[in-house]
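Have the coordinates open beside you and follow along.

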Amino acid sequence: MLIAQKEIDNFMATLRAVIERMITKIILIPLFGHNYEFNNIDDALTGLNSVNIDNPVGEFKRFEIIIDYNNGDIVRATFQNKALLADFLRKL
């Protein structure tokens with residue numbers, strides 16, 4: 001048995017997990033609207049009543065992306081424009 005067999009086995013297991021990792025789902029969420037900021041929970045709860053989710057309006061804020069992998073890993077990222085998001089996706 002090699003002196004570093006345990007380390008080699010750990011490395012190989014980690015390498016195998018990365019190589020065999022496959023994307024199972026990509027969720028892309030474009031966010032538009034107005035930011036609502038509050039100083040406490042009570043104000044946030046009151047302000048929540050003023051948010052009209054049936055008729056949303058507002059300017060583009062950012063993209064949120066969630067990537068699920070078959071090994072349970074999850075990557076969450078935020079991008080300010082399409083070009084940066086596209087670059088990120090091409091590198092996957």
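Asp 68 is buried, with a relative accessible area of 17%; buried here means under 20% relative accessible area, exposed means over 50%, and partly exposed lies in between, with a 1.4 Å probe and protein chains only. This aspartate lies in strand 2, where strands (E, at least two residues) and helices (H or I, at least four) are DSSP runs numbered from the N terminus. Leaving aside residues up to four places away in sequence, Asp 68 touches Met 22, Ile 23, Thr 24, Lys 25, Asp 73 and Ile 74, a contact being heavy atoms within 4.5 Å.

Before going further, a word on what you are looking at. This is a predicted model, in which local features need pLDDT of at least 70 and side-chain atom pairs count only at pLDDT 80 or more, while totals for chains, interfaces and linings use all residues. Residues are numbered from 1 along each chain as its sequence is written, and side-chain values use heavy atoms, with hydrogens and water left out. The predictor's confidence in each residue, pLDDT, runs from 0 to 100. Its mean over the protein chain is 89, and 98% of the residues reach 70 or more. Confidence is lowest in helix 1 (residues 5-20), with a mean of 84, and highest in strand 3, at 95.

Back to Asp 68: which residue does its side chain meet in a salt bridge? The partner is Lys 25, at 3.7 Å from N to O; the rule asks for a side-chain nitrogen of Lys or Arg within 4 Å of a carboxyl oxygen of Asp or Glu. This pair links distant parts of the chain, since Lys 25 sits in strand 1 and Asp 68 in strand 2, 43 residues apart. Lys 25 is partly exposed, with a relative accessible area of 41%, whereas Asp 68 counts as buried.

By this rule the model has four salt bridges. Another of them joins Glu 64 to Arg 62, with the closest N and O atoms 2.7 Å apart. Glu 64 counts as partly exposed at 22%, and Arg 62 is also partly exposed, at 29%. A further bridge forms between Asp 87 and Arg 90, with the closest N and O atoms 3.8 Å apart. Both of these residues lie in helix 3 (residues 82-91), three residues apart, about one turn of the helix. Asp 87 is partly exposed at 38%, while Arg 90 is exposed at 66%.

Three strands form an open sheet in the order 1-2-3, with antiparallel pairing; two strands pair if DSSP finds at least two bridges between them. Strand 1 and strand 3 stand at the edges, each with a single partner strand, so one side of each has no neighbour in the sheet. Nine bridges join strand 1 to strand 2; along this pairing, the partner of Leu 28 is Ile 65, and Pro 30 stands opposite Phe 63. Strand 2 and strand 3 pair over six bridges, and Glu 64 has Thr 78 as its bridge partner in strand 3. The hairpin of strand 2 and strand 3 has four residues between the strands, and there Gly 72 takes a positive phi near 95°.

Where do the nonpolar side chains gather? The largest nonpolar core has seven residues: Phe 63, Ile 65, Ile 67, Tyr 69, Ala 77, Phe 79 and Leu 85. Such a core is a set of buried Ala, Val, Leu, Ile, Met, Phe, Trp, Tyr and Cys residues joined through side-chain atoms within 4.5 Å. Strand 2 (60-69) and strand 3 (74-79) are the elements that give two or more residues to this core, and strand 2 supplies the largest share, four residues. Beyond residues up to four places away in sequence, Tyr 69 touches Arg 21, Met 22, Ile 23, Thr 24, Val 75 and Leu 92.

Finally, turn to Phe 32: is this residue buried or exposed? Phe 32 is exposed, with a relative accessible area of 54%. Phe 32 is found in strand 1 (residues 23-32) and, not counting residues up to four places away in sequence, touches Gly 58, Glu 59, Phe 60 and Lys 61. The C-alpha atoms of Phe 32 and Ile 8 are separated by 49 Å, with the two residues 24 apart along the chain.
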